[in-house]
Amino acid sequence: MSISQDAPLTDNVVGMGYLNNLPRRILVLYLPLAVFVFVLLFPFYWMAITAVKPDDQLTDYDNYSPFWVVGPTLDHIKYLLFETSYPGWLLNTLYVSAGATILSLAASVFAAYAIERVRFSGSRTIGLLVFLAYLVPPSILFIPLAFIVFKLGIYDSKFALIFTYPTFLIPFCTWLLMGYFRSIPYELEESAMVDGASRWQILVKVVLPLAVPGLISAGIFAFTLSWNEFIYALTFIQSSENKTVPVGVLTELVRGDVYEWGSLMAGALFGSLPVVILYSFFVDYYVSSMTGAVKE
C-alpha cells in the first residue's frame, strides 16, 4: 500500500495507529511507564515515611504496616537539624560541589575545544586517552592523591576535595563537551576568522554561546558526581565540621550497631533535594544537550 505525498501525516500513516487500541496502549505505554515511575519514586517515598515514623513503628511490623505511618513525628528531623552538624555538612557539600564543578568546567572547555576544534595530529588519540582516564577507579587514585594532599597541607579542609574532585570530573566533562563541540559547524569559526577574530574571541563569542546546553549538562553531571562522592571525602576529611553529607550521615548517625534510621532517611532525603531542584530548573537545557546541538 503506497502513501500519497499529499496525504496528511497522521498517527495511522506513520505506523502508530496500533496505539489507538486501549488494551494495547495500556500494555505498551501506560504499564511500562507506571513500572518506571514506581521504581523511580518508591525510594523517595520510603525515605519520607521512615523519616517521620515513630521509633516503635520502625521495627514493629506485626502491628504496623511498613509501607505506611501512623501518627507521624518530626523528632527525627529535629534531631538531624538541631542536634547534629547536618546543616554544616550540607553547606560543605554545596561549597565543594560548586567549586569543583567550576574548576572542572573551565579546564574541560579548553581541553574539549583544543581536541575537537584545533585540528592537530593525534587529537583523536588524546580524546580517547581522556575518556580512558575517567574509567580509572577512584579507589586506585586516592592513594597518590593522599600523598599530594598531605604535601600541600590541605588535609581535612574543603580545598582537599575541591582540588581532587576534578581528577575524575575533568575527563568526564571533557568527553561530554567534545561531542557537543563536534556538532557545531566549522563554517561559523571560519567566518569569524575571515572577519579577523582570534581563537579566544571565537571561543568566547561564537562557540560558548552555542554550547550553553552542553555546558549546563556537563555542569549538572559534575555537580551531581561531586555531591554524591564518598571515597575522597571519607579519606581526606576527618573533623566533623568539614564533612560532606554522604560521609557525615554515615559516620555520625551510625554508632556501632545503633542505626538512627529516622535521621538517616531524613538526611538522605534532604541531601537529594538540591540535586532534584537543580535538574528541575535546567531540564530543558539537559534534554537539548542529549538530543542534539547546532545543526548544519
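A salt bridge is a side-chain nitrogen of Lys or Arg within 4 Å of a carboxyl oxygen of Asp or Glu. In this predicted model, Arg117, Glu189 and Arg199 are linked by such bridges into a network. The protein chain has 296 residues, of which 37% are buried, and its secondary structure comes to 15 helices and 2 strands. The points below cover confidence, the chain as a whole, the salt bridges, the surface patch and several individual residues.

**Confidence of the prediction**

- The mean pLDDT of the protein chain is 84, and 89% of the residues score at least 70.
- Among the elements of the chain, helix H7 (residues 158–164) has the highest mean pLDDT, at 94.
- The lowest mean among the elements, 60, belongs to helix H15 (residues 283–291).
- Where pLDDT is low, the predicted coordinates should not be read in detail.

**The chain as a whole**

- The accessible surface of the protein chain comes to about 17,200 Å².
- Carbon and sulfur atoms account for 69% of that accessible surface.
- Of the contacts between residues at least 6 apart in sequence, 71% join residues at least 24 apart.

**Salt bridges**

- The whole structure contains 4 salt bridges.
- One of them joins the side chains of Arg182 and Glu116, with an N to O distance of 2.9 Å. Arg182 belongs to helix H8 (residues 166–182) and Glu116 to helix H4 (residues 86–116), so this pair ties together parts that are 66 residues apart in sequence.
- Another salt bridge brings together the side chains of Arg117 and Glu189, at 2.6 Å from N to O. Arg117 lies in the loop between H4 and helix H5 (123–134), while Glu189 lies in helix H9 (residues 186–194); the pair thus links distant parts of the chain, 72 residues apart.
- Both Arg117 and Glu189 are buried, and these two residues belong to the network that also includes Arg199.
- Lys243 and Glu252 also meet through their side chains in a salt bridge, at 2.9 Å from N to O. Lys243 is buried, with 8% relative accessible area, and Glu252 is partly exposed, with 26%.

**A nonpolar patch on the surface**

- Leu22, Ile26, Leu27, Val28, Leu29, Tyr30, Leu31, Val35, Phe38 and Val39 form a nonpolar patch on the surface. Together these residues have about 950 Å² of accessible area.
- Val35, one of the patch residues, is found in helix H1 (residues 22–51).
- The relative accessible area of Val35 is 46%.

- Thr73 is placed in the loop between helix H2 (55–59) and helix H3 (75–82).
- The relative accessibility of Thr73 is 16%. Thr73 counts as buried because the limit for a buried residue is under 20%.
- A polar contact of 3.2 Å connects the side chain of Thr73 with the side chain of Asp75.
- Leaving out residues up to four places away in sequence, Thr73 touches Ala51, Val52, Lys53 and Pro54.

**Tyr79 in helix H3**

- Tyr79 is located in helix H3.
- Apart from neighbours within four places in sequence, Tyr79 is in contact with Thr84, Leu253, Arg255 and Ser263.
- Tyr79 and Ala266 are 187 residues apart in sequence, and their C-alpha atoms are 10.0 Å apart in space.

**Val276 in helix H14**

- Val276 is part of helix H14 (residues 261–281) and is partly exposed, with a relative accessibility of 43%.
- The C-alpha atoms of Val276 and Thr224 are separated by 9.7 Å, and the two residues are 52 residues apart along the chain.

**Backbone at Asp156**

- Asp156 lies in the loop between helix H6 (138–152) and H7.
- The phi angle of Asp156 is near 60°, a positive value in a residue other than glycine.

Conventions: Residues are numbered from 1 along each chain as its sequence is written. This is a predicted model: local features need pLDDT of at least 70, side-chain atom pairs count only at pLDDT 80 or more; totals for chains, interfaces and linings use all residues. Side-chain values use heavy atoms; hydrogens and water are left out. Patches are made of residues with over 30% relative accessible area and no salt bridge: like charges are joined within 9 Å, nonpolar side chains (Val, Leu, Ile, Met, Phe, Trp, Tyr) within 5 Å. Accessible areas come from the Shrake-Rupley method with a 1.4 Å probe; for residues, only the protein chains shown count as cover. Helices (H or I, at least four residues) and strands (E, at least two) are DSSP runs, numbered from the N terminus. Buried means under 20% relative accessible area, exposed over 50%, partly exposed in between (1.4 Å probe, protein chains only). pLDDT is the predictor's confidence in each residue, from 0 to 100. A polar contact is a pair of N or O atoms within 3.5 Å; within protein, one must be able to donate a hydrogen and the other to accept it, and residues adjacent in sequence count only if both atoms are side-chain atoms. Contact means heavy atoms within 4.5 Å.
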